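Morning, everyone. Let me put the model up, and then we'll go through its rings and its core.

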Amino acid sequence: MLLKRASGLKYSDITPREEYLNRRKFLYGLGLAGGLALAGKSVADLVDPSVRVFAGTKLPGVISSPFSTTEKVTPPQTVTTYNNYYEFGTEKEQPSKNAQKFITSPWSVSVEGEVAKPRKFTMDEILKLAPLEERIYRHRCVEAWSIVVPWIGFSFSTIAKLVEPTSNARFVAFESYFDKKQMPLWDRAGIQLPYVEGLRLDEAMHPLAMLTVGMYGETLPNQDGAPVRMVIPWKYGFKSIKSMVKIKFVKDQPPTTWNITNAHEYGFYSNVNPKVDHPRWTQSREVRLPGYFKNTPTQMFNGYGDQVAGLYNGMDLKKNY
């Protein structure tokens with residue numbers, strides 16, 4: 001059944017509800033057979049019941065998506081307390097602690113570059129662009145752990161078509177919000193900021209490439225990329241840029257943060273490929289959180305090969321990693 005969204009709801013009206021999710025004690029798996037997937041963390045470091053991570057506000061009118069996997073969804077407590085968001089800390093538990101006061105309203109996203117109709121979109125406008133879909137996607141980290149998340153949003157192509165990319169547009173560049181005052185550990189991140197990412201235009205326009213505004217039926221938590229992010233399920237997680245403020249259509253391949261930091265380990269394409277190991281660990285198997293061991297076989301394109309393999313016909317996916 002198609003549900004209509006509540007009329008009159010504005011993003012600025014969305015505030016965290018008073019009830020908070022109690023963080024449960026759980027253990028994260030240490031990867032075996034190819035190196036530690038979650039190296040450097042003791043059990044005591046990973047379990048901190050004193051941290052309380054607030055839930056977002058319910059998003060109305062969300063419909064189910066045919067793009068969803070039928071796999072078991074990862075508990076939200078895991079997804080909201082085990083994060084890569086270096087602006088708020090490089091340890092997995094730090095973003096959930098340090099991002100709680102991150103201000104995400106008002107918010108706008110500038111869409112510019114090689115387009116006929118550049119413009120800025122407020123969050124209110126973004127929420128009205130298309131029916132919000134719940135898409136249960138696999139999410140695979142280059143560190144060899146994975147989760148299954150019910151993301152909420154719509155295909156990125158929706159917003160792209162509104163600005164009308166010109167014939168010169170061959171790539172899409174993305175940029176995250178960066179504020180030294182709000183991001184207290186930015187100087188310890190070890191990466192160039194603001195965080196930037198990029199896709200080839202045909203990748204960005206693929207229906208699976210998702211502009212995301214929520215998960216688990218609610219708005220995004222700060223540590224998971226509030227208020228708007230990308231999710232590209234066939235690529236490693238660092239390609240799914242968080243807290244976006246700029247989208248730019250460009251002629252030439254744009255720089256990307258992890259490729260700038262270490263091109264030997266992080267290529268532009270970053271497709272999930274179990275046959276191409278990271279220099280420091282295997283990618284053939286993964287830890288499915290909140291499990292313990294690296295015992296889940298990694299699938300080519302993270303299991304989305306039937307949908308996206310055609311984008312890379314004729315390419316050497318070991319060279320173009």
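Start with Lys242. Lys242 lies over the face of Tyr85, 5.6 Å from the ring centre. The rule here: NZ of Lys or CZ of Arg within 6 Å of the ring centre and within 35 degrees of the ring normal. Arg138 does this too: its charged end sits over the ring of Tyr304, at 5.0 Å from the centre.

A word on provenance. This is a predicted model, where local features need pLDDT of at least 70, side-chain atom pairs count only at pLDDT 80 or more, and totals for chains, interfaces and linings use all residues. Numbering runs from 1 along each chain as its sequence is written, and side-chain values use heavy atoms, with hydrogens and water left out.

Back to Tyr85. Tyr85 belongs to one aromatic cluster with Phe88, Phe102, Trp107 and Tyr177. Rings of Phe, Tyr and Trp (its six-membered ring) pair if their centres lie within 6.5 Å; planes under 30 degrees apart are stacked, over 60 edge-to-face, the rest tilted. By that rule the count is 18 aromatic pairs.

Take Phe238 and Tyr266. Their ring centres are 5.5 Å apart and their planes stand at 85 degrees, so the pair is edge-to-face. Phe238 is in the loop between strand 12 (229-231) and strand 13 (244-250), and Tyr266 in the loop between helix 7 (257-261) and strand 14 (285-288), so the pair ties together parts 28 residues apart in sequence. Helices (H or I, at least four residues) and strands (E, at least two) are DSSP runs, numbered from the N terminus. Both Phe238 and Tyr266 are buried. Buried means under 20% relative accessible area, with exposed over 50% and partly exposed in between, using a 1.4 Å probe and protein chains only.

Now the core. The largest nonpolar core has 77 residues. That term covers buried Ala, Val, Leu, Ile, Met, Phe, Trp, Tyr and Cys residues joined through side-chain atoms within 4.5 Å. Which residues have the most contacts inside it? Phe156, Leu211, Val213, Trp234 and Phe249. Trp234 touches, among others, Glu203, His206, Phe301 and Tyr304, leaving out residues up to four places away in sequence. Contact means heavy atoms within 4.5 Å.

Last, Thr212. Thr212 lies in strand 10 (residues 210-215). Is Thr212 buried or exposed? Buried, with a relative accessible area of 0%. Its side chain reaches the backbone oxygen of Met210 at 3.4 Å. Beyond four places in sequence, the contacts of Thr212 include Trp151, Leu220 and Val231.

Terms used. Polar contact = N/O pair within 3.5 Å; in protein donor to acceptor, adjacent residues only side chain to side chain.
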